[in-house]
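Please consider the sequence and the model shown below. The paragraphs that follow lead through selected side chains and their surroundings.

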Amino acid sequence: MKEADEPAAGATAPSPLEAGIAHNRAQLEKMREHLRTYGSAVGALATAVLAGVGWATLKDIAPVPEGREWLIVVAGVAALAALGGAVLLVGLFFAAQRRIVFDTDTIPDARTPWDATRKEAGRSNDLTHREARAARAPLDDLADEELAADVAAVEGRQYRLARTARRYAAQAATLEAGSSERARATARAEQLQAEADRLADAHRAAAVQAAVRVLETRQRQVFDGRQSRILSLVVVAGIVGLFVVADYSRGARALDAAQLACADKLVALAGAELAGYSCDARGRLVAPASLVAGDGSAADEEEPTADVGMLERLAACEDAVARPASTADRVEGWEERAAMAISLCAGLPVQAADDATAAGEPDEDDSGDG
């Protein structure tokens, strides 16, 4: 155990550059974990909400009222919008976690207008204009520190230094051991290789920082971007549309039932339709104009109900009252007399005697002739 601890004790601490690279990589992993957590939460919430809404509205939508089959199409479009929007919204969270791979030689410069070439370079690096601008910032800072035109020039300088160092090392291997020329060539090779390694580490650190900037931009776009807002509105609109269709279908079925019940009342009132009763568009029984008070208010707001016993007595009395068989036998006022006889038979109130005589009984000449 003592021997195993010796290398750890003698290990050198990482350089600030290596520490920065490790920190940036840890930030990348944290942001990806953050996106995974929120993506999973949004997916679970969307699944639960859509399942609950579907179960709550399906029993209200079906059965669809007759003549309103278009509700099925509207409900299908609303359900598809809600489901598709939720799937795409969850997909944004997981798409933002994809690997960030770009070529520093071809990464487009976002500070200049994007023409067709730069757009193609952005697509090849899987970067949008905003992501390319975020990625170019640390790479351009590295180029400014190294007094280069761009990061590609820094990378080219690194490769040239590494190749020159290899040539000096190869030259030193051909010289005589212990000679001053070999020592100078070896020192020059080590110096050039150290500079190349420094540029490589700086380039790697800038690339990792650029990846962090790209992931930050994607994360910001997912949480506060236009696509996320539009998809959220689509999901909400689909859910609201399902509830609207369910309420409309339920109300249409209730209206059909009210109109059918009103029609049954008209039939049960034994001639109420002929007396002026009717059903309005909402299935309510409307009284005739003769029963409306002079001030415009209904004299009796209660709906008339059928007296089954009275209807049966009226039918029996109507059959019992003798009517003239032929037109020749009918005298003037026979309808009033028959109506009075039927009313007396059924127990309905009739007019006073003098009114009845004036309205329905013939005068003395008519009675004598009869």
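Is E181 buried, partly exposed or exposed? In this predicted model, E181 has a relative accessibility of 40% and therefore counts as partly exposed. The side chain of E181 forms a salt bridge with that of R184, with an N to O distance of 4.0 Å. Both residues belong to helix 7, which spans residues 180–224, and they lie three residues apart, about one turn of the helix. R184 is exposed, its relative accessible area being 52%.

Because D140 and R136 are four residues apart in helix 5, about one helical turn separates them. D140 is buried, at a relative accessible area of 8%, and R136 is likewise buried, at 9% relative accessibility.

Helix 5, residues 129–145, also contains L142. With 6% relative accessibility, L142 counts as buried. Leaving aside residues up to four places away in sequence, L142 touches V151, V154, A202, H203 and A206. The C-alpha atoms of L142 and A205 are 9.5 Å apart, although 63 residues separate the two in sequence.

R133 is another residue of helix 5, and it is partly exposed at 43% relative accessibility. Together with R130, R220 and R226, R133 forms a positive surface patch.

The structure contains twelve salt bridges. One of them joins the side chains of R229 and D224, at 2.6 Å from N to O. R229 is exposed, with a relative accessible area of 52%, while D224 is partly exposed at 48%.

Conventions
Residues are numbered from 1 along each chain as its sequence is written. This is a predicted model: local features need pLDDT of at least 70, side-chain atom pairs count only at pLDDT 80 or more; totals for chains, interfaces and linings use all residues. Side-chain values use heavy atoms; hydrogens and water are left out. Helices (H or I, at least four residues) and strands (E, at least two) are DSSP runs, numbered from the N terminus. Buried means under 20% relative accessible area, exposed over 50%, partly exposed in between (1.4 Å probe, protein chains only). Contact means heavy atoms within 4.5 Å. Patches are made of residues with over 30% relative accessible area and no salt bridge: like charges are joined within 9 Å, nonpolar side chains (Val, Leu, Ile, Met, Phe, Trp, Tyr) within 5 Å. Accessible areas come from the Shrake-Rupley method with a 1.4 Å probe; for residues, only the protein chains shown count as cover. Lys and Arg count as positive and Asp and Glu as negative; His and the chain ends are not counted. The place of a charge is taken as NZ of Lys, CZ of Arg, CG of Asp or CD of Glu.
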